[in-house]
Amino acid sequence: MKYNIAKTTCYNDDSLSPAVSVSFTDKTLYTIKSDVIYFSNKYNKITFNGILNRIIKNYNGKSSADFSSVQEEIKTVIEYIVSNSKEIHAKGKETTDNILNLYKSYFFMEKNKSVHDKSKVIVHRKFTLNKEEFSILKSKPELDKNNNDGYRRWSKYLYHLFEDYAALDLSKRERIILADFYNEIEAAIETHYILRAKLSSGRIYFVKPYKILFDHITRHNYIVCYSTNDPNGPYEVHSIRISKIAEIKMYEECEKLGTDEIEKIEEKLKKTSPSYISSEPTTIKVILSPTGQELYSSLVHNRPDYKEITDLDNRQKEYEFHCTAFHAKNYFIKFGKEAVIVEPEYARQNMKKELEATLANYADNSQ
């Protein structure tokens, strides 16, 4: 079957929103649609149209679709080759520029090739560009049809831009979609401002940010900070998952975090990961059935590392962990009856309450 890439269509009147038709592989389309659901909450609705515009705004110039993203690295390599070759060293900059231009021509020749082959399922979707994103694309020299070194169509560029975005890890895609949040947080860190953060749950925190850190256990990005629900304090060591933020803005200027405050955070980070920094790790004992042991081996996301394993009757085993009770509950809640937290008692009771609340949701209230 022969496929044709849909052409870009837009209105001449800049006051109207231009419509663009773009090709996606089915995998990329699935990823982007999943991100619409993941990044949306009741306070911050994101649409398919909206997420594509955010990608254009926050990722253009940085993706593998942009020659500018690789130009400096390629130029450095060429300069090294030129400077270490006696035959071409005398020509210097002229040779470097010629080779770079040849590479640029090759770059766009490859990018302009057909994106369709038998291994890809291609789908077409039309979306509306916001005025700002339309202006961004209009200003890109590689999208000028009169430019020999560039894209023949906008749809070609957007295809590669969206494919590159979808290939990124979720935590990196988050930095693109929630770029405004990240910029606000980083500015507050730099200028020593308290942030007012509203979460998707509706809870509000006043935050003295320390760093943005990636948690290798949960695979999410967090603001590691001092926070409180009361702007008058007291502030405690805490972390907030950035993808759970619905609104965030600078609240008021504050003093720079002191040496003691920073040391307290760093000491906690030595004991636990950013996501669980607000709780103290302790010894947690969990009895796993044979099925529970298989689940522990296969479910690696958010999995705590065990310190010791003790054999029990009926092929059950007791696993000992050094982690927070919150971490243990988050991980073992999905094991159901195949995992039982036995120590400490407060951790056991917390899990019991969680499971009882779940059971209540399944109660027959029809009568």
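Predicted model: local features only at pLDDT ≥ 70, side-chain atom pairs only at ≥ 80, totals over all residues.
## Basis

Residues are numbered from 1 along each chain as its sequence is written, and side-chain values use heavy atoms, with hydrogens and water left out. Local features need pLDDT of at least 70, side-chain atom pairs count only at pLDDT 80 or more, and totals for chains, interfaces and linings use all residues.

## Histidine 327

Histidine 327 is part of helix α12, residues 325–332 (helices are DSSP runs of H or I, at least four residues, and strands are runs of E, at least two, numbered from the N terminus). Its relative accessibility is 4%, so histidine 327 counts as buried (buried is under 20% relative accessible area, exposed over 50%, partly exposed in between, with a 1.4 Å probe and protein chains only).

The side chain of histidine 327 reaches the backbone oxygen of asparagine 302 at 2.8 Å. Beyond neighbours within four places in sequence, histidine 327 is in contact (heavy atoms within 4.5 Å) with Ile217, Tyr276, Asn302, Arg303 and Pro304.

## Salt bridges

The structure holds 14 salt bridges (a side-chain nitrogen of Lys or Arg within 4 Å of a carboxyl oxygen of Asp or Glu). Among them, glutamate 354 and lysine 329 pair at 3.7 Å, N to O. Glutamate 354 lies in helix α13 (residues 345–361) and lysine 329 in helix α12, so this bridge ties together parts 25 residues apart in sequence. Glutamate 354 is partly exposed at 35%, whereas lysine 329 is buried at 17%.

Glutamate 266 and lysine 211 form another salt bridge, at 3.8 Å, N to O. This pair links helix α10 (residues 259–271) with strand β4 (residues 204–215), the two residues being 55 apart.

How values were computed
Polar contact = N/O pair within 3.5 Å; in protein donor to acceptor, adjacent residues only side chain to side chain.
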